[in-house]
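Subject: Structure handover and notes

Hello,

Here is the structure you were expecting. Please open it alongside this message, as the notes below refer to it throughout.

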Amino acid sequence: MTLSLDIYQTLAVAVVALWVGNILKRRIRLLSQFCIPSPVIGGLLFALVSLVGYMSGWIVCSFDDTMKQVCMVFFFTSVGFQANFKTIRQGGRPLLLLVFLVALIVVIQNVVSIGIARSLGFAGLIGMTSGSIPMVGGHGTAGAFGPLLEEMGVSGATTLTTAAATFGLVAGSLIGGPIGRRLIEKFHLLATAKDETEAIIQESHAEHHDSAYTTAVFQIVVASGIGTIVSYLLSLTGMTFPIYIGGMIVAAVMRNYSEFSHRLSIPIDQISDMGGICLSLFLGIAMVTLRLWELAELALPLLLMLSAQLAVMIAFAYFVVFRVMGRDYDAAVLTSGFCGFGMGATPNAMANMQAICDKYRPSVKAYLLIPIVGSMFSDFINSMIITFFVNII
């Protein structure tokens, strides 16, 4: 039996999953202790129930996940409002370092997957199905390069890359929080949190009355709407950008116009609150609509390659990203976020960091750098390196 859920029912299921995740996180100390995001807890539980229904032949759920994209765009638009020039100037060198680390992990992921595939007697192109295409690239890049690999002779490449991306989405969400917490606790990093971060956060508390939330919603919606035009103009360059990049750019322009002209009031605190709600809804919908049975159908070689990718990401994040980014509190939060988009998607990175910051304290540096790199650099770098590997193997 197939149960089709419309847009409202899908959103309702996601919200119920969020409630369940929050309840379980409060009652199960281990989940809170290791900073597992609530949407991941409840959403993964629902996805497991769906898996049982599918495998038993009892029921299969289909979803209208239109709101997933809407919530994603609204969330990243809210992030764009955080980007004022004085804050970005403070993070110039870390931004370049983070871009370098993204390029490095993309190369490593492809080398590892191709190496394992060839050691098992398979073609190198099969290894690409578990490399940076589904890992750093996520479902979007998997959908784009899967058909290309099929044209090059890899049967079922789109299914394999999509399944690997699903694995990465779950794994990246599960490891980011625990790694960030481990670093913070082991090295006593709360003492290294910078006062300027707190000061930047506190600037957002100027307006607290109820109408500020109305203003926040209106500004997010307007920036997202105008952002679609910006995204269209960017697409004319022939390059591929995520759908939310236009909204982020417009929001950043509005924020800096407000900073320099003082003619526009931006309720940053309320915008951040609304963005957090949209992030939770996005991740909730993304998790409840996972098709985990695609992982159950993976061949042993792909499972081995994905296990290797997980081990590589844990080691790279813990021993490389944290140290290169400064070995302080911001670096630990960045490391948790890096796990998110290094194996899944930028929203997962933001959810990982949100779980860490909710437990400890905010990190504006991490909240600015991860979405900038995730939206403006990672897909471009990944596509170039993937193209290079596809042409040499």
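The notes that follow go from the whole chain to single residues.

This is a predicted model, in which local features need pLDDT of at least 70 and side-chain atom pairs count only at pLDDT 80 or more, while totals for chains, interfaces and linings use all residues. Residues are numbered from 1 along each chain as its sequence is written, and side-chain values use heavy atoms, with hydrogens and water left out.

Overall

The chain has 18 helices and two strands; these are DSSP runs numbered from the N terminus, helices being H or I of at least four residues and strands E of at least two. Of its 393 residues, 53% count as buried. Buried means under 20% relative accessible area, exposed means over 50%, and partly exposed is in between (1.4 Å probe, protein chains only). Contact here means heavy atoms within 4.5 Å. Among contacts between residues at least 6 apart in sequence, 80% join residues at least 24 apart.

Nonpolar cores

A nonpolar core is a set of buried Ala, Val, Leu, Ile, Met, Phe, Trp, Tyr and Cys residues joined through side-chain atoms within 4.5 Å. The largest one holds 89 residues, and the members that touch the most others are Leu98, Met128, Tyr329 and Phe338. Setting aside neighbours within four places in sequence, Phe338 is in contact with Leu98, Leu101, Val102, Ile105, Met313, Phe316, Val321 and Ile370. Apart from this core lies another, of eleven residues, including Ala216, Ile220, Ala223 and Met254.

Helix packing

Helix α4 packs against helix α11 (residues 211–235) at an angle of about 105 degrees, with the axes 9 Å apart. Axes are lines fitted to C-alpha atoms, for helices over the stretch in contact, and angles run from 0 to 180 degrees between N-to-C directions. The angle makes α4 roughly perpendicular to α11, because 65 to 115 degrees counts as roughly perpendicular, under 35 as roughly parallel, over 145 as roughly antiparallel and the rest as oblique. On the α4 side the contact is made by Val73, Phe74, Thr77 and Ser78, and on the α11 side by Ile220, Val221, Ala223 and Ser224. These residues divide into five nonpolar, three polar and no charged. For that count, Ala, Val, Leu, Ile, Met, Phe, Trp, Tyr, Cys and Pro are nonpolar, Asp, Glu, Lys and Arg are charged, and the others, Gly among them, are polar.

Salt bridges

How many salt bridges does a search of the whole structure find? There are two, a salt bridge being a side-chain nitrogen of Lys or Arg within 4 Å of a carboxyl oxygen of Asp or Glu. One joins the side chains of Asp65 and Lys68 at 3.6 Å, N to O. Asp65 is partly exposed at 32% relative accessibility, and Lys68 is partly exposed at 24%. The other joins the side chains of Arg255 and Glu259 at 3.0 Å, N to O. Both of these residues lie in helix α12, four residues apart, about one turn of the helix. Arg255 counts as buried at 3% relative accessibility, whereas Glu259 is partly exposed at 26%.

Individual residues

Gln82 sits in the loop between α4 (66–80) and α5 (85–90) and is partly exposed, at 23% relative accessibility. Neighbours within four places aside, Gln82 is in contact with Arg255, Ile268, Ser272 and Leu368. Its C-alpha atom is 9.7 Å from that of Asp269, which is 187 residues away along the chain.

Leu11 belongs to helix α1 (residues 7–27) and is partly exposed at 23% relative accessibility. With neighbours within four places left out, Leu11 is in contact with Met67, Leu281 and Ile285. The C-alpha atoms of Leu11 and Phe282, 271 residues apart along the chain, are separated by 9.3 Å.

Backbone

Most residues other than glycine have a negative phi. His262, which is not a glycine, has a positive phi of about 60 degrees. His262 lies in the loop between α12 (245–261) and α13 (268–288) and is exposed, with a relative accessible area of 66%. Arg327, also not a glycine, has a positive phi of about 55 degrees. Arg327 is in the loop between α15 (300–324) and α16 (329–343) and is partly exposed at 40% relative accessibility.

Regards
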